[in-house]
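Biologist: Hello! Could you give me a close look at one part of this model, and then link it to how side chains pair elsewhere?

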Amino acid sequence: MNAPRRSPIAEALFSLGLLAYPRAFRARFGAEMRDDFRRTRTVGTNPSGTLGTLGTLLSNGLKERAGAARRWAFFPNHTPHLYEPSGRHFMFWDTLRADIRHTLRLAVKTPVFTSLTIVALALGIGATSAIFAVVNGVLLRPMPYRDDGRLVNLWSFNTSENRPRNPISPANFLDFQKMNTTLDGLEGYFTFVTPTQLVTDSGTEVAYSVFVTSNMFNMLGRTAATGRTFTMGEESGVVVLSDGYWRRRFGADAAVIGKTLSVSGQTLQVIGIMPPDFVFPYAGMLGPSGFTRVTGVDMWLPIAFSGPMAVNNRMLSQSGQIVRNVHWFGAIGRLKAGVSAEQAEADMMTIAAQLEQAYPATNKGWRATVVRSIDQSVGTIRPALMILLAGIAFVLVMASVNVANLLLARSIAREKELATRAALGAGRARLARQLLTESVLFALAGGLVGMAVMSWTLRGLIALAPADLPRISEVSVDWRVLLAAGLTTMLTGVLVGLLPALSSASVSPQASLQDGSCGTAGGALRRRARAGLVVAEVALAVAITTGAVLLLRSFVSVTNVNPGFDTSHLLTWQMNVPQRLTTPTDRLAFYRDFFARIETLPGVVSVGGTTRVPLGSTSVTTSVQIEGRPVPAAERPEVQFRRAMHNYFAAMGIPIRRGRTFDPDDGPTAPPVAVINETMARRLFPGQEPIGQHVRTGPGATGPWTTIVGVIGDIRHGGLEEEPQPELYINYLQGPPVSPFIVVRTTADPALMTETIRAEARRIDKNLPVYDLRTMSMLRSESVSTRRFILLIVGAFGVLALGLAAIGVYGVMSLVVSERTREVGVRLALGAEPSQLLRMIVMQAARLAGIGVAVGVVAALPLAPLLDSQLYGIRSLDPLTFIAVPFVLMTIATLAALVPARKAMLVDPLTALRIE
């Protein structure tokens with residue numbers, strides 16, 4: 001009678017449970033255990049018994065596997081268990097330990113080779129890890145918010161001006177907040193940093209603030225490190241400080257909580273200090289308008305939608321309604337679970353269409369854009385960082401190729417050793433495994449040294465990085481960086497040793513042990529391997545150097561751009577007029593005295609001011625109504641709006657193209673006048689004379705008409721790469737600002753005037769805060785700082801690539817000369833001219849370099865367009881670059897081959913013929 005059988009499910013579960021045991025154990029006892037399981041009573045009689053059996057099976061199997069692993073790792077000479085093959089596992093362990101000891105002995109005997117190999121790998125691995133640390137900190141590391149992957153930024157899309165990321169008006173923000181169905185929360189903030197005046201016992205100083213809606217911190221999922229954040233509906237009288245400002249200004253005194261500060265005429269109570277890692281908003285979240293380029297935040301203030309603070313911040317229209325026709329709000333929201341950014345954008349587009357129908361006078365042509373917050377914060381720098389990562393990966397490959405060449409070179413010297421081992425019975429797999437063990441150990445050593453290189457490189461990159469590089473302060477070494485460094489090390493070790501191991505393992509014992517055969521056995525394979533490595537190295541050098549040269553030429557193009565004014569001998573700073581000057585008349589009286597005193601300072605040629613200094617501040621736009629052209633408010637053209645103070649155009653060196661500039665007669669009681677730039681004249685008055693035309697500015701545009709009296713040359717405000725925008729200036733005498741930028745033209749180095757300016761400002765008024773003093777040359781340099789940073793790193797890659805290519809060609813040609821010493825001696829003995837030998841060897845190097853250059857050019861052609869986002873003034877397929885780089889590479893390769901070639905010319909024929 002057959003024994004009852006278990007169900008198929010129980011049989012399958014038992015088979016899976018057996019996998020917990022070592023394979024050798026299952027081979028020896030598995031069938032017996034399965035039969036025993038089948039002889040027990042059926043599942044239907046006692047299901048719990050089956051589950052208990054399976055639990056015991058898993059537990060015992062895992063214990064047995066752990067014991068086998070422990071014996072394999074720590075007790076290689078332990079007597080094997082019955083089911084373990086006699087020493088098979090332990091023989092592998094023994095041979096591995098022997099290979100490690102052999103590698104260490106060789107490393108000690110050849111310190112120069114060992115050092116060169118480890119240093120080359122350390123530089124490649126360390127530099128690669130450092131660049132990855134920057135990429136990780138900027139692009140991959142979560143932002144300091146709860147569940148940051150669900151955060152999105154909402155913008156208005158100004159379709160008439162084709163600006164998809166335009167700030168939102170306060171009224172539209174409230175409608176988006178109330179009407180959306182795809183967000184768990186939507187909060188707002190002013191899209192600019194405001195310089196505020198903090199009154200202290202020693203005078204007035206500047207602090208930088210951002211206004212946010214009261215629920216912002218809660219929506220971001222962050223609480224204060226000390227104290228609290230704003231409560232829902234809290235709109236005035238309180239302030240939250242950043243950790244950095246709290247430490248700098250208050251010495252990290254916790255007693256500051258509850259104290260009051262006098263900030264820009266308001267009395268605010270400090271209620272909280274945010275944690276050190278908290279950042280909001282990131283620079284990428286700010287809009288194009290504002291008062292300063294500063295992006296660091298010292299304090300946060302709540303946005304008021306009603307009351308005196310709302311009036312002060314121009315949140316309310318003349319009728320007392322929330323403003324809908326002026327845009328300066330940013331919005332950040334949290335997606336509902338399972339909702340994508342694309343779905344949220346569709347939702348916002350529907351709302352925008354409804355608002356356009358409800359408010360056609362202000363919302364016609366306005367749509368919505370939704371961007372993931374991480375992309376909003378770092379999107380502009382992402383392409384550049386990916387280029388850096390790709391470039392350093394190429395350099396690592398080149399360094400690895402050089403190390404592979406070193407290992408190939410050493411394999412020639414060890415050929416007889418390897419042949420002897422092969423003759424004694426070592427198989428090809430055994431020899432290859434030994435050589436791979438060596439390369440992996442070298443890579444591990446290089447990886448350890450590379451950690452120090454990574455630390456030094458990372459500190460250097462952070463020091464060189466421009467201050468406005470997104471999230472650069474968050475770059476550090478974390479588990480992702482360490483994991484990437486470890487994987488890079490292991491992968492490099494395997495790849496570096498693979499080709500030398502395969503070529504050396506194919507050595508012929510009979511040929512290699514014959515006299516005089518050293519360097520010839522297996523020679524064909526080795527020569528092809530070395531040639532292939534050189535070709536690869538030169539090709540990589542061409543690709544990297546092409547990118548570096550393109551970026552260099554682009555940088556030169558940017559720096560040669562004429563900004564439209566003379567940047568030399570200019571000093572600029574920002575200041576806030578004293579708070580006691582509350583009326584335009586008081587401010588004008590202050591400015592008359594201020595400019596008169598600055599003009600009398602030694603070395604001052606001329607002085608002026610503006611509300612938006614070129615290259616050193618943000619911008620603000622206004623809509624323009626042109627007399628005789630009635631169009632709806634939403635369709636009026638937008639222009640950059642600025643004020644010119646005193647002798648601003650003369651101090652800046654901005655040319656007057658037509659008409660005149662402002663003069664003292666254009667005072668508060670005179671008819672309003674304006675000066676525009678050439679771009680505005682060309683776009684708004686094509687084929688017409690702009691002088692004498694009348695315009696109104698602002699969304700209301702109900703005041704008196706302003707007469708255009710002059711046209712100035714175009715200047716580049718946002719950056720040297722930014723095309724000039726339409727600009728309109730009004731006279732400060734007809735609207736004195738409260739936070740102007742002052743510019744002074746000097747006879748000598750303007751940087752030497754900074755202390756003089758500060759001292760004079762204190763003499764004028766001790767509460768006159770003067771800040772952000774910089775020369776215009778500094779502003780021009782800072783405007784291309786990110787481009788310069790990328791260029792410096794990629795340029796270093798290019799120089800390193802050229803050096804590695806030269807070393808690779810030199811090393812291979814040295815080996816060629818060494819291998820062909822007897823051939824050279826024979827040729828010389830038969831009457832060959834040394835110059836012929838020189839030409840022969842150099843031409844051999846040139847052929848290899850030529851193939852590498854050709855491969856590199858073919859590879860660079862599709863890769864170069866990836867640099868388009870970083871280029872200015874040149875094409876990615878620039879003919880001059882693609883001609884110059886191959887020529888330079890060929891020249892370097894030829895020069896690198898000359899040294900071993902000249903050595904070959906000095907070979908003594910008799911000595912060469914006696915070489916074994």
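Modeller: Happy to! Helix α1 passes helix α2 in a right-handed crossing (the near helix is turned clockwise from the far one by less than a right angle). This is a predicted model, so local features need pLDDT of at least 70 and side-chain atom pairs pLDDT 80 or more, while totals for chains, interfaces and linings use all residues. Residues are numbered from 1 along each chain as its sequence is written, and side-chain values use heavy atoms, with hydrogens and water left out.

α1 and α2 (residues 23–39) pack at about 150 degrees, with their axes 11 Å apart. That makes α1 roughly antiparallel to α2, a term for angles over 145 degrees. Axes are lines fitted to C-alpha atoms over the stretch in contact, and angles run from 0 to 180 degrees between N-to-C directions. Helices are DSSP runs of H or I, at least four residues, numbered from the N terminus.

Within α1 (residues 8–18) sits Leu13, which counts as partly exposed because its relative accessibility is 39% (buried is under 20%, exposed over 50%, partly exposed in between, with a 1.4 Å probe and protein chains only).

Now for the pairing. Side chains of opposite charge can pair when their charged atoms come close. The structure holds 28 salt bridges, each a side-chain nitrogen of Lys or Arg within 4 Å of a carboxyl oxygen of Asp or Glu.

One of them joins Arg247 and Asp243 at 2.9 Å, N to O. Both residues lie in helix α8 (residues 243–250), four residues apart, about one turn of the helix. Arg247 is partly exposed at 46%, whereas Asp243 is buried at 11%.

Asp878 and Arg553 also meet in a salt bridge, at 2.2 Å, N to O. This pair links distant parts of the chain, 325 residues apart: Asp878 in the loop between α26 (834–863) and α27 (879–905), and Arg553 in helix α18 (residues 523–559). Asp878 is buried at 10% relative accessibility, while Arg553 is partly exposed at 28%.

Finally, Arg141, Asp478 and Arg480 are linked in a network of salt bridges.

Notes
Helices (H or I, at least four residues) and strands (E, at least two) are DSSP runs, numbered from the N terminus. Angles under 35 degrees count as roughly parallel, over 145 as roughly antiparallel, 65 to 115 as roughly perpendicular and the rest as oblique.
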